[in-house]
Amino acid sequence: MDIDAFTAVHAAEWDRLKELSSRRRLDGAESDELVRLYQSVATHLSTVRSAAPDPALVTRLSDVLNRARTRIAGTHEPAWREVVRFAVVSLPAAFYRIRWWSHAVTAACLLVAIVAGVYIATDVDALNAMRTPAEQEEYVNNAFASYYEPGIGFAAVVGVNNAWIAAQAIGGGITGFFPLMVLWQNAVQIGATGGMMAAHGELDLFLTLIAPHGLLELTCIFVAGAAGLRLFWTLIDPGHRRRSVAMAAEGRALITMAIGLAAALGVSALVEGFVTGSAMYWWLKIVIGAIVLAGFWTYVYVLGRRAVRAGATGDLAEHEAGATVVTAG
């Protein structure tokens, strides 16, 4: 098909459709014309895509049709429906797609934490390199437990801090190195702290104060790291898609996950602020933490599996993300 000749024949219709789509008011005849031209230009776009997929022309016609579709259909669906769709489709789908990455990162970080903890607990020189003996006593006997001060202010502070850590792991994903650094630092720090508490006979205190909120909190950090690493891997291996297209889709899905992780970290912050440092029985605190974590993974696996099977990826819908330029290969 001769693209130049095709454009010369139909350009007037495209321009007319664009003009009608831009008008604030249309009379009856113009509205009918708008619908007729929309159907005609949609056929033109289909013809171009199948016969001669010129990227510039496909982009031009897609833009014209998107404007016309909005003009014909009016405003998009109510905001509450978009929120519901985000919560029950887009977000769980995004989490579900990286579930194996998340589990692998979790296992690796737990291994690092355990190794660091055992090393600190069994090596006196390493233990003393962390803090002096007097500082260790103060931290183990007072500072560690007193840190968890119940209240909304404390919950807000830890929530913002944890969200910042997760954002760094996700935002730096393109480098490949930054998520690994964030994950390594957190795993080593938690393991070393646990090792110091164990060296002073307070491992049980450490676990009972970390577990209630830490089960979900650390899971969110691990998921954030997995999301960042997934983005880096997409850069290396984009699959059947062009690298730029694959990176754009994964990047938009990352934004979806960042919002979801912020909400999940808000929940863990509330647990940390009102459960961890409270006077509840220690076993009840851990049960609450386990229930919150189980709720997170149930949400991911039940709603996420259903959404992915329906074709959701966590990316924006096609009309929101914009048309994809057709390319060869």
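Me: Hi! How far apart are the end C-alpha atoms of residues 281–302, and how much of the span is helix?
Reply: Hi! Those end C-alpha atoms lie 31 Å apart, and the span is 95% helix and 0% strand. Helices here are DSSP runs of H or I with at least four residues, strands are runs of E with at least two, and both are numbered from the N terminus. This is a predicted model, where local features need pLDDT of at least 70 and side-chain atom pairs count only at pLDDT 80 or more, while totals for chains, interfaces and linings use all residues. Residues are numbered from 1 along each chain as its sequence is written, and side-chain values use heavy atoms, leaving out hydrogens and water.

Me: Thanks! Which residues does UniProt list as "transmembrane region"?
Reply: The unreviewed UniProt entry lists residues 100–121, 205–233, 254–275 and 281–302. UniProt positions are given in the numbering used here, feature names are shortened, and annotations may be inferred rather than shown by experiment.

Me: What about the chain over residues 205–233?
Reply: That span is 100% helix and 0% strand, with its end C-alpha atoms 39 Å apart.

Me: New topic: how many salt bridges does the structure hold?
Reply: Eight salt bridges. The term means a side-chain nitrogen of Lys or Arg within 4 Å of a carboxyl oxygen of Asp or Glu.

Me: Which residue does Arg16 pair with?
Reply: Arg16 forms a salt bridge with Glu33, and their closest N and O atoms are 3.0 Å apart. This pair links distant parts of the chain, 17 residues apart: Arg16 is in helix α1 (residues 3–22) and Glu33 in helix α2 (residues 28–51).

Me: And where do Glu250 and Arg230 lie?
Reply: Their side chains meet in a salt bridge at 3.8 Å, N to O. Glu250 is in helix α11 (residues 243–276) and Arg230 in helix α10 (residues 203–236), so the pair ties together parts 20 residues apart in sequence.

Me: Are those two buried or exposed?
Reply: Both Glu250 and Arg230 are buried. Buried means under 20% relative accessible area, exposed over 50%, and partly exposed in between (1.4 Å probe, protein chains only).

Me: How far apart in helix α3 are Arg67 and Asp63?
Reply: They are four residues apart in helix α3 (residues 55–73), so about one helical turn separates them. Arg67 is partly exposed at 44% relative accessibility, and Asp63 is partly exposed at 36%.
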